[in-house]
Amino acid sequence: MDRSSPVPLYFQLSQQLEAAIEQGRLAPGSLLGNEIDLAGRLGLSRPTVRQAIQTLVDKGLLVRRRGVGTQVVHSQVRRPLELSSLYDDLEAAGQRPATRVLRYAAEPATAEVAGALGVAQGTEVTVIERLRFAHGEPMAHLRNHLPAGLLGPDGAALEKTGLYRLLRAAGITLHSARQKVGARAATAEEAEELGEGPGAPLLTMERTAYDDTGRAVEFGSHVYRASRYAFEFQLLVRG
């Protein structure tokens, strides 16, 4: 702790604890001990320790359990805004991704889907719905529409890998995408599916991905748990 810094001590402590969680030095399930012990070991006041812990509880990194104490839960997934697969990003972050395929079917393209994929309304497209997990915990509901015939006749392979890996394996070179990020409240069905309360905040993302010929090969409409997931932006100064 830098006591000469203008940064409050509780914030310094919360940042150090968050870094330890993100780097795996405090593993999921670890107990922090009680506030009095922590304050004594760190030479801080109990209110300072309590505020630092509450900051991480509010972020979803720690949870207070009656009769157990303050326990580390899984770190929040931070995903850069780039053309990458959620499965690949989770795997690279050591989050042990898993997938449950909810739907894999052919259906006529709606006006929205047709516009995104550049096909006529009513054209048959492949729709894929999946529930994505990290460390066995639901993270996101993914809905994707693809032009018919890009992938095989069933979605069994999607239980074990990501969509973009399968597209690359099929000889498709992903080149660019248009993406829109937003937020809204969870419906009752989404809340139950994702382990959140009704009306909990969700991050939303719509993406149309293109191959190296400029053809639209995927239109995705996804929702993510805001308590467990964040998008990261890198901003550059112009002029």
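Q: What should I know about the ground rules here?
A: The model is predicted, so local features need pLDDT of at least 70 and side-chain atom pairs count only at pLDDT 80 or more, while totals for chains, interfaces and linings use all residues. Residues are numbered from 1 along each chain as its sequence is written, and side-chain values use heavy atoms, with hydrogens and water left out.

Q: How many salt bridges does a search of the whole structure find?
A: A salt bridge here is a side-chain nitrogen of Lys or Arg within 4 Å of a carboxyl oxygen of Asp or Glu. By that rule the search turns up ten. Take glutamate 35 and arginine 50, whose side chains meet at 3.3 Å, N to O. Glutamate 35 sits in helix 2 (residues 35–42) and arginine 50 in helix 3 (residues 46–58), so the pair ties together parts 15 residues apart in sequence. Helices (H or I, at least four residues) and strands (E, at least two) are DSSP runs, numbered from the N terminus.

Q: Is glutamate 35 buried or exposed?
A: Buried means under 20% relative accessible area, exposed over 50%, and partly exposed in between, with a 1.4 Å probe and protein chains only. Glutamate 35 has 13%, so buried, whereas arginine 50 is partly exposed at 36%. Another bridge links arginine 215 to aspartate 211, with the closest N and O atoms 3.1 Å apart. In that pair arginine 215 is partly exposed at 40% and aspartate 211 is buried at 5%. Bridges with shared partners also join Arg103, Glu107, Glu129 and Arg143 into one network.

Q: How do I read an aromatic pair?
A: You describe it by the distance of the ring centres and the angle of the planes. Rings of Phe, Tyr and Trp (its six-membered ring) pair if their centres lie within 6.5 Å; planes under 30 degrees apart count as stacked, over 60 as edge-to-face and the rest as tilted. The count comes to one pair: tyrosine 10 and phenylalanine 11, edge-to-face, at 6.4 Å centre to centre and 80° between the planes.

Q: Which strands join strand 8 by bridges?
A: Two strands pair if DSSP finds at least two bridges between them. Strand 7 (residues 174–185) runs antiparallel to strand 8, with eleven bridges, and serine 176 stands opposite tyrosine 210. Strand 9 is also antiparallel to strand 8, through nine bridges, and there arginine 207 faces glycine 220. Four residues lie between strands 8 and 9 in their hairpin, where glycine 214 takes a positive phi near 90°. Strand 8 is mostly covered, nine of its eleven residues being buried; leucine 203 lies in this strand (residues 201–211).

Q: And how is a pocket found?
A: The protein atoms alone are put on a 1 Å grid; a pocket is an open set of points where a 1.4 Å probe fits, with protein on both sides within 12 Å along at least five of seven lines, and lining residues have an atom within 4 Å of a point. Points are joined across faces, edges and corners, and the volume is the space filled by probe spheres set on them. The second largest pocket holds about 200 Å³. Among its 13 lining residues, His141, Arg143, Arg184, Glu190 and Val223 are closest to its centre. Arginine 184 and glutamate 190 also form a salt bridge, at 2.7 Å between the closest N and O atoms.
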